[in-house]
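Take a moment with the sequence and the 3D view. We will walk through the fold step by step.

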Amino acid sequence: MLGLEGWFSTNILGNRDGEVLEDPGSFKTRKNPSSACLNTFSSRTCTRKLYGKMCHKVRINYYPPRGDNKEGWDNIDIFGWLGYPMQIKGWTPLRDSILPPRSCSDLVLFLDLAQRAGMRGIQEWLSSTSSHR
């Protein structure tokens, strides 16, 4: 029963993504899906008390020396028992070409392929530490 007061994200991008997202119109298309996800929680009757007054800010910073590296900084303001304020801080350094959403969608496709092939259980062939190397 943790409540969410706000989520502030800063992203540093150095490649073409950063250059394009520096444009306010292009940035809006990137921000809307993540805001829509958070707004889904705040609109539900059962969670309105916990998420209803949430503030969400996203910033994209184009910094050419970063190149294909992406860096994300998140500050999440939450409240818990008796309304006590807390914070969660996150720092995520990634390569832009292997961002998690892309990797996750690839995993879903591979798992669908495995299921169609009749494979069940743990899919060791998808592991980077697989014994099949």
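Among contacts in the chain between residues at least 6 apart in sequence, what percentage join residues at least 24 apart? The figure is 66%. Keep that number in mind as you trace the chain. Keep in mind, too, that this is a predicted model.

Start with the parts list. The chain has 4 helices and 4 strands.

Next, take the pairs one at a time. Strand 1 covers residues 3-13, and strand 3 covers residues 69-79. They run antiparallel, and 10 bridges join them. Find threonine 10 and look across to strand 3: tryptophan 73 stands opposite.

Then move to the other pairing of strand 3. Strand 4 takes in residues 85-95. Strand 3 and strand 4 are also antiparallel, with 11 bridges between them. Lysine 70 stands opposite leucine 94 in strand 4. Aspartate 77 has glutamine 87 of strand 4 as its bridge partner.

How many residues lie between strand 3 and strand 4 in their hairpin? There are 5.

The accessible surface of the chain comes to about 9,700 Å². Carbon and sulfur atoms account for 60% of that surface. Buried residues make up 26% of the 133 residues in the chain.

Some nonpolar side chains sit on the outside. Phe110, Leu113, Met119 and Trp125 form a nonpolar patch on the surface. Together they have about 370 Å² of accessible area. Methionine 119 is found in the segment after helix 4 (100-116). Why is methionine 119 called partly exposed? Its relative accessible area is 36%. The term covers values between the buried limit of under 20% and the exposed limit of over 50%, so methionine 119 falls in this class.

How values were computed
Residues numbered from 1 in each chain as written. Predicted model: local features only at pLDDT ≥ 70, side-chain atom pairs only at ≥ 80, totals over all residues. Heavy atoms only, no water. Pairing = 2+ DSSP bridges. Helix = DSSP H or I, 4+ residues; strand = E, 2+ residues; numbered from the N terminus. Patch = residues over 30% accessible without salt bridge, like charges linked within 9 Å, V, L, I, M, F, W, Y side chains within 5 Å. Areas by Shrake-Rupley, 256 points an atom, 1.4 Å probe, with all protein chains shown as cover. Salt bridge = Lys/Arg side-chain N within 4 Å of Asp/Glu carboxyl O. Buried < 20%, exposed > 50% of the residue type's maximum accessible area, 1.4 Å probe, protein only. Contact = heavy atoms within 4.5 Å.
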